[in-house]
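Please open the structure in your viewer and keep the selection tool at hand. The stops below proceed from one selection to the next.

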Amino acid sequence: MTKKKNKSMIQRRLIPTYVFLIIVSFVSVFPFYWMVSAATNQSIDVARGRIIPGTYALTNFQNLISSQNLGGAMANSFRYAILQTVLALFVCSLAGFGFELYHDKAKDTLFTILLLAMMIPQVATMIPLFKMMSNAGLLNSMWGFVLPAISTPFLVMFFRQNSRSFPLDTMEAARIDGLSEFGIFIRMYMPMMRSTYAAAAVITFMNAWNAYLWPKVVLTQSDAQTMPMLIANLSSGYTIDYGRLMMGVLFCSIPTMVVFFVLQKQFAEGLTGAVK
């Protein structure tokens, strides 16, 4: 009887916690629900604040593809984001691997300078980067979008911190077996740090997919636009078709949600520095 009373008392004490979690969950999910609902309603219904799904999803989709190059923008965003993610993971993980496992005073000083670069806002480097891309003839190209972001101080720091859990005995054994330093990175470090790679991939892909300011500067031709640029085009003008706009936002949101849900377990493990 005493155990049952204690259990019931604990459950009563947890009621406020459950209520709070339910409210927070609702607040977190509601914007997504509203986005999906707005994509199925007319513009006037969205403006009036209707939250019940409508029957105009197909009409909004037809208006979207008739006014914007949705397929081209999606293809550009996928191409840019995937290439940037692959290159950034390789470059930044190689840098983090070197900074942590081969560190000395000179490398530590260089890493400190690298971290200071995180304090510089992106807009401060926009003009120099634009001039560099222009002089290199990389405007309106995939490389103009990708190159400035393949090495970021945050990702280098992220890989360096997680590299501290990489077993040094494994490196020594590999060296004894005749494996080169680059071979250790490719054949041992990368497989063992796959959770870290998954977390970094989610972060990098989302940043690349949602990037707007730099693509707006370097991609000036309409056939090179990305999904965020397409959304910005939908929201410009004297009148805005909110149903069409939210349909575009829905299409823009789906890839990042899919990537996160597919890699969410590895993402959580990578943030804690898990080594397999």
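Two residues are in contact, or touch, when heavy atoms of theirs lie within 4.5 Å. The model on display is predicted.

Begin by colouring the protein chain by pLDDT. The mean is 86, and 93% of the residues reach 70 or more.

Next, select Tyr189. Leaving out residues up to four places away in sequence, Tyr189 touches Ser93, Phe97, Phe159, Ser163, Phe166, Ile184 and Tyr197. Together with Met227, Tyr189 touches the most other members of the largest nonpolar core, which holds 49 residues. To trace this core, show the elements that each give two or more residues to it: α1 (2-38), α4 (70-101), α8 (153-163), α9 (168-176), α10 (181-192), α11 (194-210), α13 (227-234) and α14 (242-271). The largest contribution to this core, ten residues, is from α4.

Apart from this core lies another, of 13 residues; select Tyr80, Met126, Val146 and Met229, which are among them.

For the last stop, move to the loop between α1 and α2 (43-47) and select Thr40. Is Thr40 buried or exposed? Thr40 counts as buried because its relative accessibility is 15%, and the cut-off for buried is under 20%. Display its surroundings: beyond neighbours within four places in sequence, Thr40 is in contact with Pro53, Gly54, Thr55, Tyr56, Ala57 and Asn60. Finally, show the backbone oxygen of Ser37, which the side chain of Thr40 reaches at 2.7 Å.

How values were computed. Residues are numbered from 1 along each chain as its sequence is written. This is a predicted model: local features need pLDDT of at least 70, side-chain atom pairs count only at pLDDT 80 or more; totals for chains, interfaces and linings use all residues. Side-chain values use heavy atoms; hydrogens and water are left out. A nonpolar core is a set of buried Ala, Val, Leu, Ile, Met, Phe, Trp, Tyr and Cys residues joined through side-chain atoms within 4.5 Å. Buried means under 20% relative accessible area, exposed over 50%, partly exposed in between (1.4 Å probe, protein chains only). Helices (H or I, at least four residues) and strands (E, at least two) are DSSP runs, numbered from the N terminus. pLDDT is the predictor's confidence in each residue, from 0 to 100. A polar contact is a pair of N or O atoms within 3.5 Å; within protein, one must be able to donate a hydrogen and the other to accept it, and residues adjacent in sequence count only if both atoms are side-chain atoms.
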